[in-house]
Amino acid sequence: MANIKKEKSREVSIPSSSMSDIAFLLLLFFMVSTVFVQETKFWVERERWPMADSIERIPRNHTTTIYVMRDETILIDDIPTRIESSDDVFVANTLIRKKAEDPELIVCFRTDRETKYGVMSDVMRQLQDAQTLVVAFETQRRMD
Amino acid sequence: MNIGRKRKGKAAIPTSSMSDIAFLLIVFFMATTKFDVKEGIRIVLPQAADGSSGKTQSLALTENEMTRLQIIEDGRISVNNEPPRHFEAGELDALIQQKLRVNQQMIFRVITDREATYNDMIRVVDRLKAADIEKISLSTN
């Protein structure tokens, strides 16, 4: 008589020894890509930006951000300033320095949508004086 | 008497909970990560007008070459010196298309009052950009 033995069912297991490697890889990715947003007194929340449809992505590596608040305070390089007369050239001077460091500089505006256009016009005039001509107005994407 | 030397246990750091710790940290970073993607309307400003160099020249442009969109302080828009009125987004699109039919190379000059809001200007520039117009001039009065 042939020896017919029932085969013992083998234990099936997923190898999990590399699990921690994967976990640490993911961990490293998130650690590197995390940007902790520091909220300061001078800040224009995303909800206060204007809405638009025809928006495009702005490459981050050549940008500098100028915040313009409703009370016409301008924040550049975390330094608040105001343009009250044609002698207030802090924005232009800062941009001339930045333009020398990065000739492909793009100036991003994070402006409160209720801001009067006059102050924006004054800032843009200083941009022209500093030869930084590429600007981007940051907007929210309109969700219809 | 049986005095045996105690066998030394092998020293090891328990690593079985390592992945738990790692996943905990991942969850933390995933929850706090904010990808700061910049999106907006991109415009290239003209060179600063320098009167002394004599590089600038004045051009007299007709209504068939340039459309003036004047935004007054309450957000109403005056097109080519017509009486100002409120424009809905759809109406603005229709107006732009109508002007483009007259001239494909039409220049749009957006003149925003200093007292008008930034939002009013962006609203108009957004519609112009939506129509793929590159010749946009921004100015104020």
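Biologist: How many residues of chain A are in contact with residues of chain B?
Modeller: The model is predicted: local features need pLDDT of at least 70 and side-chain atom pairs count only at pLDDT 80 or more, while totals for chains, interfaces and linings use all residues. Residues are numbered from 1 along each chain as its sequence is written, and chains are lettered from A and ligands numbered from 1 in the order in which they are written. Two residues are in contact if their C-beta atoms, placed from the backbone, lie within 7 Å. On chain B 36 residues take part, and on chain A the number is 44.

Biologist: Which element of chain B gives the most to the side that touches chain A?
Modeller: Helices (H or I, at least four residues) and strands (E, at least two) are DSSP runs, numbered from the N terminus. At least two residues each come from α1 (18-32), β1 (38-44) and α3 (118-130) of chain B. With nine residues, the element that gives the most is α1(B).

Biologist: What percentage of the residues in chain B is buried?
Modeller: A residue is buried if 20 or more other C-beta atoms, placed from the backbone, lie within 10 Å of its own. Chain B has three helices and five strands, in the order α-β-β-β-α-β-α-β from the N terminus on. Of its 141 residues, the buried share is 22%.

Notes: Buried ≥ 20, exposed ≤ 12 C-beta atoms within 10 Å, placed from the backbone.
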